[in-house]
Amino acid sequence: MEEKILSTRIQVCTPEELDARYRNLLDQAKEAAASAYAPYSGFHVGTAVLLENGEVFSGSNQENSAYPSGLCAERVALFFANAQRPQLAPEAIAIAASAQGRFLENPITPCGACRQALLESEMRFRKNIKVLLYGSDRVYVIECIKDLLPLCFGKDSLV
Ligand code: THU
């Protein structure tokens, strides 16, 4: 039987090791976490999306008493950016989360639905979106969304 092994390259670093624009993007994601509306989970997520023209759109999670009606920070920021600048490709996204007033030590990774939404953007603009995941102890850098969604279903899967 044939075996296939899929692997993901994750660079582990500190913010200081990154380019200024990526450091800045992480800072904007951390700032955005402060605007989360998360009375049910107490989990505050901030996201900043860098577009190819250098503009940044940020967002935070927005919860609802009818739980599924809320939305993750990643999709708030991505859809905000896509709605405001429909012609511009996102080229990086930074994500940070805090709970009980402190940023998590380890990076959080986007949920499956957000990965799928981000993949759509990557395919739509044919441009990789670099993923920067903030943790106060370490930052993860992943080259593209596809790396976070092996065996993905995308528009090329539709016949
Ligand atoms: N959340 C995000 O905003 N992004 C993620 O990547 C994971 C989870 C939100 C959804 C919900 O408001 C809270 O965090 C707890 O799941």
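In this predicted model, the ligand sits in the largest pocket, where a pocket is an open set of points on a 1 Å grid over the protein atoms alone, with protein on both sides within 12 Å along at least five of seven lines, and a molecule sits in it if more than half of its atoms lie within 2 Å of its grid points. Residues are numbered from 1 along each chain, and side-chain values use heavy atoms, without hydrogens and water. Local features need pLDDT of at least 70 and side-chain atom pairs count only at pLDDT 80 or more, while totals for chains, interfaces and linings use all residues.

About 280 Å³ of space lies in this pocket, the volume being the space filled by probe spheres set on the points. Its lining comprises 19 residues, of which Ser41, Asn61, Glu63, Leu71 and Cys72 lie nearest the centre, and by class 11 are nonpolar, 6 polar and 2 charged.

The ligand itself is surrounded by residues that include Phe43, Val45, Ile108 and Pro110 (a heavy atom within 4 Å), and this shell has 7 nonpolar, 3 polar and 2 charged residues. Polar contacts, pairs of N or O atoms within 3.5 Å, reach oxygen atoms of the ligand from a side-chain atom of Asn61 at 2.9 Å, from a backbone N or O atom of Ala73 at 2.9 Å, and from the side chain of Glu74 at 2.6 Å. The protein covers 74% of the 370 Å² of accessible area that the ligand has on its own, as given by the Shrake-Rupley method with a 1.4 Å probe.

Conventions:
Polar contact = N/O pair within 3.5 Å; in protein donor to acceptor, adjacent residues only side chain to side chain. 1 Å grid on protein atoms, 1.4 Å probe; cavity = no way out; pocket = protein on both sides within 12 Å on 5 of 7 lines; lining within 4 Å. Nonpolar A, V, L, I, M, F, W, Y, C, P; charged D, E, K, R; others polar.
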